[in-house]
Amino acid sequence: MLTILFDGIAYGMVLFVLACGLSITLGLMNFVNLAHGVFAMVGGYVTAILMNRLGVPFLLTLPFAFLVPALLGLVLERTLYQRLYTRNHLDQVLFTIGLVFMAIAAVDYVMGSQPQLIQLPTWLRGRVDVFGVQIGLYRSFIIAVCGVLVVALQLILTRTRFGSQLRAAVDDPRVARGLGINTALVFAVTFAFGSGLAGLGGALGAEILGLDPTFPLKFLIYFMIVVTVGGTSSLTGPFFASLLLGIADVAGKYYVPSLGAFVIYTVMIVVLVFRPQGLFVKAR
Amino acid sequence: MQGTPIDTATRHLAETSRWKPLECAFWLVAFGAIWLLPSHHLILNEIIITALFAMSLDLILGYAGIASLGHAAFFGFGAYFAGIFAILVIGDPLTGLVLAMLASGALGFITSFLVLRGVDLARLMVTLGVALVLGEIANKMTWLTGGADGLQGVMMGPVLGLFEFDLYGRTAYVYSLVVTFLLFLLARRIVVSPFGLSLRTIRDNPLRARAIGIPVNRRLIAVYTLAAAYAGAAGALLAQTTQFVSLDVIALHRSADVLLMLVIGGTGYLYGGFAGAIVFKVLQDVISNWTPQYWTFWIGLILVILVLIGRERMNHQAAVLWARLRGKPEPRPRTIVGGH
């Protein structure tokens with residue numbers, strides 16, 4: 001029972017790291033980026049390639065799993081995405097779905113369609129017994145890493161100069177520009193950072209979520225649930241939404257496997273209908 | 001010929017609702033294909049069904065401005081309904097078709113309340129969610145739908161008790177074409193009716209529409225229901241003519257594909273779905289012959305390029321070109337469809 005709770009929390013943490021970039025682009029920049037999962041997939045594949053082909057240790061691959069998608073995100077943002085900020089949501093949806101299709105076929109072409117396996121280092125494998133609860137070492141590692149990330153993100157957004165610039169640029173881009181804030185730069189950096197986080201999440205979660213070319217489509221709906229249920233005005237909303245989703249999904253698969261993903265989809269629709277602005281947001 | 005503004009408006013409306021030569025030509029070709037292209041009936045059948053599906057999306061996206069990421073929900077529901085109906089009750093195609101339309105329409109009516117609650121992004125997500133939930137139900141209710149194996153053993157009786165479905169798809173194509181044509185006539189009548197005009201008003205400016213006394217929500221519910229019934233009809237046609245239903249009918253990529261077709265063909269004039277379906281199916285055929293496994297890459301690329309060029313601008317340019325060829329004044333650019 002507690003083991004399920006623990007696994008659920010670890011799963012939710014990974015989901016949060018995966019989805020928080022999306023909650024920033026969607027919530028703060030009002031851009032529907034259905035291709036967010038692509039960056040996560042890239043991160044996962046970077047780790048898989050570095051470990052399986054070049055023999056780099058797992059921990060050392062993580063910075064690359066962050067940097068490569070971040071760079072990719074930066075390039076795409078500068079060349080393509082920024083043209084679409086002002087377009088309507090339908091255009092953004094079509095555009096990013098197109099990117100997802102391209103990415104899936106491209107990864108399939110380069111890497112093959114089989115799932116990628118990641119061999120964890122020995123010190124992260126196995127479980128320990130703490131007060132009668134079975135706790136997976138890797139799950140604890142994930143919770144620790146993601147916990148630190150969550151706190152760091154929240155601090156960056158609320159306490160640093162960059163965080164306040166970002167919030168200002170989102171609230172009113174014109175006034176922010178007038179005050180001398182380089183909004184284009186702020187958006188680009190934010191986008192790249194979000195993509196990098198997704199990549200990191202993809203690398204960390206590869207062992208739990210699985211990694212194959214259909215990853216962006218398979219988990220797209222999870223990201224969207226996190227963002228829509230959590231609301232997009234802060235990071236705490238998506239954080240609790242991810243935990244809830246993670247626990248509900250793990251517990252649901254364990255106790256009522258016949259219902260499958262049915263429960264979480266229904267929850268999403270109900271929340272969207274009754275609280276379109278998200279579950280954890282005060283109604284305006 | 002000068003008249004009061006009302007005369008001018010009436011004349012303008014009558015003109016837009018009149019049949020154009022090109023329209024007649026299109027349907028003549030479509031019916032002519034029954035005799036002219038006997039070896040392509042299977043693919044033609046697929047195209048006309050997809051076109052009907054795309055047209056149903058055009059009804060809500062092009063005329064009412066409701067963007068949907070889960071329109072395949074109704075297509076799939078109609079397909080499963082028709083398939084299961086044929087197995088459990090009776091194999092008569094027309095009965096199955098009508099009932100599938102009614103059932104999909106009912107489903108559309110119920111879900112329209114969910115869809116209309118939100119705006120824009122929430123709408124997209126709700127439509128997507130509805131399709132996912134239905135897909136999940138179809139996947140899990142193996143005893144009824146066959147789950148991942150698909151619904152097998154659909155046996156269809158002859159159409160009208162006269163025409164058996166044959167191996168070459170001739171009956172299938174004629175059947176789908178006639179049904180599509182009749183539904184098209186109805187849709188064409190509806191979009192030029194006062195009801196259709198009020199939908200366009202809602203699409204262009206919901207606030208003003210409400211201010212001049214149009215019951216916005218009721219109109220949107222009505223058109224959403226209608227579009228759901230149309231999509232259900234397309235699904236039922238597919239189930240009946242292929243005598244097989246798989247989870248594929250309700251998958252996310254089908255919703256995305258139909259959106260892509262409509263974007264290729266252009267929204268808001270009913271023929272966009274037809275043009276898009278033809279282009280899409282031919283492209284799919286060509287590309288998957290060339291590179292069977294990776295054809296989604298090229299579809300994705302087309303989508304990206306279409307959006308970057310700007311679909312409104314492209315449609316407008318096509319309209320300008322068309323007007324120049326006909327020697328008529330250039331049309332004004334239309335306002336953006338969908339979103340906001």
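**Figure 1. Helices α3 and α13 of chain B cross at roughly 135° in this predicted model.** Helix α3 covers residues 41-63 of chain B and helix α13 covers residues 271-290 of chain B, and their axes come within 7 Å. Helices here are DSSP runs of H or I with at least four residues, strands are runs of E with at least two, and both are numbered from the N terminus. Axes are lines fitted to C-alpha atoms, for helices over the stretch in contact, with angles from 0 to 180 degrees between N-to-C directions. α3(B) and α13(B) are therefore oblique to each other (angles under 35 degrees count as roughly parallel, over 145 as roughly antiparallel, 65 to 115 as roughly perpendicular, and the rest as oblique). Contact means that the C-beta atoms of two residues, placed from the backbone, lie within 7 Å.

A note for all views: residues are numbered from 1 along each chain as its sequence is written, and chains are lettered from A and ligands numbered from 1 in the order in which they are written. As the model is predicted, local features need pLDDT of at least 70 and side-chain atom pairs count only at pLDDT 80 or more, whereas totals for chains, interfaces and linings use all residues.

**Figure 2. B:Leu270 and B:Gln243 sit in two loops of chain B.** B:Leu270 belongs to the loop between α12 and α13 of chain B. Its phi is near 70°, a positive value in a residue other than glycine. With 20 C-beta neighbours inside 10 Å, B:Leu270 counts as buried. The cut-offs use C-beta atoms placed from the backbone: 20 or more others within 10 Å make a residue buried, 12 or fewer make it exposed, and anything in between is partly exposed. B:Gln243 lies in the loop between α11 (216-242) and α12 of chain B, and also has a positive phi, of about 55°, although it is not a glycine. B:Gln243 is partly exposed, with 18 other C-beta atoms within 10 Å. For context, most residues other than glycine have a negative phi.

**Figure 3. Helix α1 of chain B is hardly covered.** Helix α1 runs over residues 5-17 of chain B, and at 1.5 Å a residue it should span 18 Å; its end C-alpha atoms are 18 Å apart, so the two agree. The expected span is 1.5 Å times one less than the number of residues. Across chain B as a whole, 45% of the 340 residues count as buried, and the chain has 15 helices and zero strands.

**Figure 4. Chain B meets chain A through 36 residues, and chain A contributes 34 residues.** The elements of chain B giving two or more residues to this side are α5 (93-117), α6 (120-140), α12 (252-265) and α14 (295-309). Of these, α6(B) gives the most, with twelve residues.

**Figure 5. Helices α2 and α4 of chain A come within 10 Å, axis to axis.** The pair is formed by residues 36-54 and residues 89-111 of chain A, and the axes cross at roughly 20°. α2(A) and α4(A) are therefore roughly parallel to each other, and their crossing is left-handed. A:Val38, A:Met41 and A:Tyr45 in α2(A) meet residues of α4(A) including A:Val107 and A:Met111.

**Figure 6. A:Val38 is a buried residue in helix α2 of chain A.** A:Val38 has 30 other C-beta atoms within 10 Å. Leaving aside neighbours within four places in sequence, its contacts are A:Leu99, A:Val100, A:Ala103 and A:Pro216. A:Leu74 is 36 residues from A:Val38 in sequence, and their C-alpha atoms are 14 Å apart in space.

**Figure 7. Chain A comprises eleven helices and two strands.** From the N terminus on, the order is α-α-α-α-β-β-α-α-α-α-α-α-α. The radius of gyration of chain A is 19 Å, close to the 19 Å from the globule rule for 284 residues, so chain A is as compact as a globular protein of that length (the radius is taken over C-alpha atoms, and the rule is 2.2 Å times the number of residues to the power 0.38). Of the residues of chain A, 48% count as buried.

Technical notes. A crossing is left-handed if the near helix is turned anticlockwise from the far one by less than a right angle, and right-handed if clockwise.
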